Amino acid sequence: MKKLKYILYTVCLLVINSCSIDNVEPQEQLLEDTVITDESSAINVLNRIYNSTIRSGFYGETNGAFDLGISGLISVSGTTMRPEGTPFGMIPYFENNVPVDDNSISTLYRDMYFAINLSNFFIELVERGDANVSDTRKNELLAEARCMRGLAYFNLLRVFGQFYDLNSSFGTVVYTDPLRGNTEFPRSSVQETYNLILDDLQFASANANGGREHYYASAITAQALLARVQLYMGDYTNAATNALAVINNTDGYMLDPSYANVFNERWGAETLLASFVNTETEGTQGGLFAFDTQAPTTTFIDLADAQDGVLTDGSADFTTGYDPRFTFGFVQTTHPLFGKYPLGVGFTDPGNTAKILRMGEVYLIYAEAEARRSGGVLANALTRLNEVRARAGVMPKLLTDQATLLKDIREEKILELYAEVGENWFDLVRYSQLGDIDVSTLKPSITSVDQLIFPIPADALTGNSLLIPNP
């Protein structure tokens, strides 16, 4: 069995020739001390960190093998999507009964800790001065690595930890020094895990470059991720402040006027961060991210049907009477996939990306945080919500009270973000723990709070005697 004490793979020497972001290395390799000698070699390793973090067991593309990843599987854990056809292991997720030996959670755990350990090596060597760059450039390089490390820890926390309870002891295994031998660690608390994530993302937002291609992290990317994390933590004032700053950015990120254009462009203006894919240069390693084994639930269909103000007027083929975003996703003419993945999975297709974070979500992060924060202005929250709805071509929501507004925001995130990277599931968990919804009523297969997080993988428990399993 793979053992966590080795952080999942033996450390090997990487001989660096050239590595671009479209060169996906086997993950059985890690960084050794002598790798970084200048800026070029540092960038080579940094590109491996990107590939290890955002082309991974979370986002659905691992070494060119077709894999939905956890973000795809948890789409069926909630109320939005259901398995269809050959569901590739989705049934346990749909039934909210994932076993400890599930391969997908094991892959996610392995991939995120690989990315974390690779980041730790990089950070140690660059801080030591091995890249031979100015202090400013050193901090820019460190900012990108720390942004990816913070994202990896956040992914682990919200899948395997009680991320909704800052007082919980069920956080993640946290370490910042690179592992070179057999080492075991206990779990850190949720608050301790968040502390590291916040520290990484705050450093990244203060030091990262701007004007990057959108498959790299920029200062605005890090600030947007920070707003998402703060929303999860219940730090609504800072979440609203950071989300609003991202909305008002001067780096060219914007809410695209066309919803369809967001997905027809892999790294367009709305995309804050997406995986790099390119079948021309990668062959079988590129373009495999897609959903074709899921369908909308009755709950989701009814929600989309109601957006024109008339329930039950939606057509059986989903072409009329629905929120245009729903129709866009489920009526296709070119590929047998969701319309959100129009760029194909064949060798002659450009390749789909995983939209890890985009501006549509940031508007809704602001709306929720502003609606929840002490002293928040509900009208301001409603304005941002309705800007997203106006782009979609649906009628604006009216302001009644906070509870209704929060319900509208959660449902808007379903309509806006379905079948992307799992936010609908995490929203279901958060809203239930905040007392806004009864999750067992919405999803009867969830009968215990313990089902709101996933089991620590069996091989991780075998390899780390200090690791306490989830309840």
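Modeller: A cavity is a set of points, on a 1 Å grid over the protein atoms alone, where a 1.4 Å probe fits but cannot get out. The model is predicted: local features need pLDDT of at least 70 and side-chain atom pairs 80 or more, while totals for chains, interfaces and linings use all residues. Residues are numbered from 1 along each chain, and side-chain values use heavy atoms, without hydrogens and water.

Biologist: How many cavities of 30 Å³ or more are there?

Modeller: A volume is the space filled by probe spheres set on the points, which are joined across faces, edges and corners. The second largest cavity holds about 70 Å³. With the limit at 30 Å³ or more, the count is seven.

Biologist: Which helix gives the largest share of the lining of the second largest cavity?

Modeller: The lining (residues with an atom within 4 Å of a point) has 14 residues, with Ser75, Ala419, Gly422, Asn424 and Trp425 nearest the centre. Seven are nonpolar, five polar and two charged. The largest share, three residues, comes from residues 423-433, helix H16.

Biologist: Are H14 and H15 roughly parallel or roughly antiparallel?

Modeller: Helix H14 (residues 378-392) packs on helix H15 (residues 402-417) at about 25°, the axes 11 Å apart. Angles under 35 degrees count as roughly parallel and over 145 as roughly antiparallel, so H14 and H15 are roughly parallel.

Biologist: How many charged residues does the contact of H14 with H15 have?

Modeller: Contact means heavy atoms within 4.5 Å. In H14, Arg389 and Arg391 are among the residues that meet H15, whose side includes Asp408, Glu412 and Glu416. Beside eight nonpolar residues and one polar, the charged ones number five.

How values were computed
On a 1 Å grid over the protein atoms alone, a cavity is a set of points where a 1.4 Å probe fits but cannot get out, and a pocket is an open set with protein on both sides within 12 Å along at least five of seven lines; lining residues have an atom within 4 Å of a point. Helices (H or I, at least four residues) and strands (E, at least two) are DSSP runs, numbered from the N terminus. Ala, Val, Leu, Ile, Met, Phe, Trp, Tyr, Cys and Pro count as nonpolar, Asp, Glu, Lys and Arg as charged, and the others, Gly among them, as polar. Axes are lines fitted to C-alpha atoms, for helices over the stretch in contact, and angles run from 0 to 180 degrees between N-to-C directions. Angles under 35 degrees count as roughly parallel, over 145 as roughly antiparallel, 65 to 115 as roughly perpendicular and the rest as oblique.
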